[in-house]
Amino acid sequence: AGSTFIEMPALPAALTLAGDFDTFGTGNSGGFKINGGLNNVAIATDVNFTDSQEAVNSEFRKPNNSVKKENYTGSCESPCTSPLDLGMWGNAEKVLNWVDSIKNNSDLVTYYNDNFSGKVNTSKPIIIVDGDLNSTGKVGTFNGILIVLGSATFNGNFGTINGGVYVGNIDRKTRKFSNEPTQFNGGGTFSINYNKNNMTNTNDSTPLDHLSVIEWVDVI
């Protein structure tokens, strides 16, 4: 059976922050964790935007009782953050073209065509917010990727994301990166665990959960 999985370059980090932003805030509870795994960082910013990495670094320079640096793990020392070449994800025009090419795939994509506030629908493996996200409410466990084209605010106790999160800070009108904040508020449980198997990638084999039995024949 053929695969219906959408082709997409894997995200470079558990949390990928694109654009040139100067405000970033992260959760301060013990239940807030971001893990890039053995081969990826917890938080990646665009290597071309030094202000973005400084915004992330300044958050981790707060007093130890404010931000738990040990909760941001990956292929470097905690807090595991790094400026990287984001590839396609660092090109606003390419990101928008890709989103426009797959946003109507209702089998695999939950698409919000404007700013969204509330609890996102996690029934599909790809969630796209074509605007700003103000996330409220606990969603439980989500196996997939969350793509926010604008800015993002997460209000505590979201749950667990096994896959990755992308915050683009993209202005739809200019089709360029803007300067928007990303904020993780409050306590509760919220973790992002990098999982390439829950992303689509042209180099990966077809996942078994996207195969279907067309015909069954008993051989006696």
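Contact means that heavy atoms lie within 4.5 Å of each other. The exercises below use this term on a predicted model.

**Exercise 1.** Describe the chain as a whole: what secondary structure does the chain have, and how many of its residues, in percent, count as buried?

Solution. Start with the elements: the chain has two helices and 17 strands. Next take burial: of its 220 residues, 46% count as buried. Last, consider contacts between residues at least 6 apart in sequence: 61% of them join residues at least 24 apart.

**Exercise 2.** Find which residues of helix 1 are buried, where they fall around the helix axis, and what covers them.

Solution. Helix 1 spans residues 50-60, and its buried residues are Ser 52, Gln 53, Ala 55, Val 56, Glu 59 and Phe 60. Looking down the axis of helix 1, these buried residues fall within an arc of 155°, so they line one face of the helix. Their cover includes strand 1 (13-17), strand 2 (24-25), strand 4 (41-46), strand 5 (72-73) and strand 6 (81-84).

**Exercise 3.** Decide whether Ser 52 is buried or exposed, and list what Ser 52 touches.

Solution. First locate the residue: Ser 52 is in helix 1. A residue is buried when its relative accessible area is under 20%. Ser 52 has a relative accessible area of 0%, so Ser 52 is buried. Now leave out residues up to four places away in sequence: Ser 52 touches Gly 19, Asp 20, Phe 21 and Thr 45.

How values were computed:
Residues are numbered from 1 along each chain as its sequence is written. This is a predicted model: local features need pLDDT of at least 70, side-chain atom pairs count only at pLDDT 80 or more; totals for chains, interfaces and linings use all residues. Side-chain values use heavy atoms; hydrogens and water are left out. Buried means under 20% relative accessible area, exposed over 50%, partly exposed in between (1.4 Å probe, protein chains only). Helices (H or I, at least four residues) and strands (E, at least two) are DSSP runs, numbered from the N terminus. The arc is that of the directions from the helix axis to the C-beta atoms.
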